[in-house]
Amino acid sequence: MSRSAHPAGPRHADVLPEGHYSAPPADLNVLDPKVWSQTVGRNADGVAHVGGLDVAALAEEFGTPAYFLDESDFRARCRAWAEAFGKDADVFYAGKAFLSRAVVRWLHEEGLNLDVCSGIELATALSAGMPAERIAFHGNNKSEEEIRRAVEVGVGRIVLDSFQEIVRVAHIAQSLGKRQRVQIRVTVGVEAHTHEFIATAHEDQKFGIALAGGQAAEAVRRALKLDGLELIGIHSHIGSQIFDMAGFEVSARRVVQLLADVRDEHGVELPEIDLGGGLGIAYTSDDDPREPHEIAKALNEIVTRECEAAGLRTPRISVEPGRAIVGPSAFTLYEVGTIKPLEGLRTYVSVDGGMSDNIRTALYDAEYSVALVSRTSDAEPMLVRVVGKHCESGDIVVRDAFLPADLAPGDLIAVPATGAYCRSMASNYNHALRPPVVAVRDGEARVIVRRETEEDLLRLDVG
Ligand code: LLP
């Protein structure tokens, strides 16, 4: 855990419960640029703004809860990744983090590629004009229909995830008179999360084909024999929210070893490797993520060194960041409803959304920050738990944080770094209407995914 359990400073209660919180920040009104997108700040009147627009006005116009996506911030991150990796590498944005047609257009304009993992993600990408050759198609259980469509439109690569799929994709490609570019996803026996990585038996999972026991080598053997496939490389993805490059180092070393084995056995040097996504972002001020240029430098060095040692030409590298691009670019805006102080414990602050718009806290025990954004306050910090309005006690948005003690119903609070895996994992639990995504840039706001309506939900109910 990145936060200590030793609070200090003034609070609403003398005895504080255990929790993953540090001391309250010196000034609750400060919006730490580490966790907020680049254009977020406060006006002279204390109201926060994003993309040149006041959040109170945004709430008025678009309602709450709503996700606000800072387009300039998103584009700047795309550029930072593209520049860091340069012309000899490819950056694939992982669409599972958040995908919409506007986002696809931004990616296209900024020169990024796209990783999709379902037929509908593929359809979204194509409908927004992403060239098929810049799309990678992933998934551990792609349907025949999904594969057929991907091959027909000519996706740049299909990442093969099983022995069955090697044959399936080859047959479909052949039946369409095509040769499909593919990578084989391998499990390298490394699992990395946040500050740690474990190099043990993480072959015990649904993705990929294990390097262990020669399985990946066998997959290569089979793929090289099939006319419908052009095997371009090896893919490895080791986890999520990773800060420590050591896991990538082990992964790269093992993938390069496979390339060397393939060369020795088949006389073929596979030209590409993909090291996946998983790079961490700051959800709280305690997190210290790496910059894209540091990541690119580290990965390039590792791969170059390992290839030199194995006497291989350095393959073209690709990466698939999702969270690191879109995560920090958005925040969720909520209106405060019921406030319930529990003496000696904490104050429960209920908002008009919850686990239906952010399941990550309930699902992964994820940590988030929160701030009062409709005004500033000089009141003392109070320890809060921000909860939603769902019929479940685990419906927590921010487990432990501080907000000013004069917080009142009707105030607007915002949770930063909700661009990734929040709208894309949103649900209709309790028939919640999934919130809109509003893009903001240079004083203009535009709905890019609209709010669901009662009609939308009732239309599905055809019984
Ligand atoms: N490439 C592959 C093959 C992946 O499986 C993933 C994520 C990514 C790239 C992008 O990873 P990112 O850079 O966004 O961490 N729902 C979880 C994360 C699941 C990630 C699944 N795969 C969460 O909310 O933390």
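Predicted model: local features only at pLDDT ≥ 70, side-chain atom pairs only at ≥ 80, totals over all residues.
Setting aside neighbours within four places in sequence, serine 377 is in contact with Asn29, Leu372, Pro404 and Asp406. Serine 377 sits in the loop that runs between strand S19 (371-372) and strand S20 (381-387). With a relative accessible area of 7%, serine 377 is buried. A polar atom of the serine 377 side chain also lies 3.0 Å from the backbone nitrogen of alanine 379.

The loop between S19 and S20 holds arginine 375 as well. Arginine 375 has a relative accessible area of 22%, so it counts as partly exposed, the cut-off for buried being under 20%. Neighbours within four places aside, the contacts of arginine 375 are Arg42, Gly46, Asp406, Leu407, Ala408 and Asp411. Along the chain, arginine 375 is 181 residues from threonine 194, and the two C-alpha atoms are 34 Å apart in space.

Another residue to look at is phenylalanine 402, which belongs to strand S21 (residues 396-404). Phenylalanine 402 is buried, its relative accessible area being 8%. Its C-alpha atom is separated by 30 Å from that of alanine 76, a residue 326 places away in sequence.

Next come the aromatic rings. Searching the whole structure turns up seven aromatic pairs. In one of them, phenylalanine 62 and phenylalanine 68 have ring centres 6.3 Å apart and planes at 65°, so they meet edge-to-face. Both phenylalanine 62 and phenylalanine 68 are buried. Tyrosine 283 and tyrosine 368 make up another edge-to-face pair, with 5.0 Å from centre to centre and 75° between the planes. Tyrosine 283 comes from the loop between strand S15 (272-274) and helix H9 (292-310), and tyrosine 368 from the loop between helix H11 (360-364) and S19, so this pair ties together parts that are 85 residues apart in sequence. Tyrosine 283 is buried at 4% relative accessibility, and tyrosine 368 is buried too, at 1%. Phe62 and Phe68 also belong to an aromatic cluster, which they form with Trp36 and Phe331.

There is some empty space inside as well. Rolling a probe the size of a water molecule over the atoms shows where such space is left. The structure has three cavities of 30 Å³ or more. The second largest cavity takes in about 60 Å³ of space. Its lining is made up of Tyr67, Leu69, Phe98, Ala330, Thr418, Gly419, Arg423 and Val437. By type, the residues lining the second largest cavity split into five nonpolar, two polar and one charged.

Helix H4 covers residues 119-127, and its buried residues are Gly119, Glu121, Leu122, Thr124 and Ala125. An α-helix has 3.6 residues a turn, so residues three or four places apart point the same way. The buried residues of H4 are covered by parts that include helix H3 (101-109), strand S6 (113-116), strand S7 (135-137) and helix H5 (144-153). After H4 comes glycine 129, which has a positive phi, near 90°.

A few spots in the backbone stand out. Most residues other than glycine have a negative phi, and most peptide bonds are trans. The peptide bond joining threonine 64 and proline 65, however, is cis, with omega about -10°. Proline 65 is placed in the loop between helix H1 (55-62) and strand S4 (66-70).

Tyrosine 421 is not a glycine, yet its phi is positive, at about 60°. The loop between strand S22 (412-416) and strand S23 (437-441) is where tyrosine 421 is found. Tyrosine 421 has a relative accessible area of 18%, so it counts as buried. Aspartate 442 is not a glycine either, and its phi is positive at about 45°. This aspartate lies in the loop between S23 and strand S24 (444-449). Aspartate 442 counts as exposed because its relative accessibility is 63%, whereas tyrosine 421 is buried.

Key:
Residues numbered from 1 in each chain as written. Heavy atoms only, no water. Helix = DSSP H or I, 4+ residues; strand = E, 2+ residues; numbered from the N terminus. Buried < 20%, exposed > 50% of the residue type's maximum accessible area, 1.4 Å probe, protein only. Polar contact = N/O pair within 3.5 Å; in protein donor to acceptor, adjacent residues only side chain to side chain. Contact = heavy atoms within 4.5 Å. Phe/Tyr/Trp six-rings, centres within 6.5 Å; stacked < 30°, edge-to-face > 60°. 1 Å grid on protein atoms, 1.4 Å probe; cavity = no way out; pocket = protein on both sides within 12 Å on 5 of 7 lines; lining within 4 Å. Points joined across faces, edges and corners; volume = space filled by probe spheres on them. Nonpolar A, V, L, I, M, F, W, Y, C, P; charged D, E, K, R; others polar.
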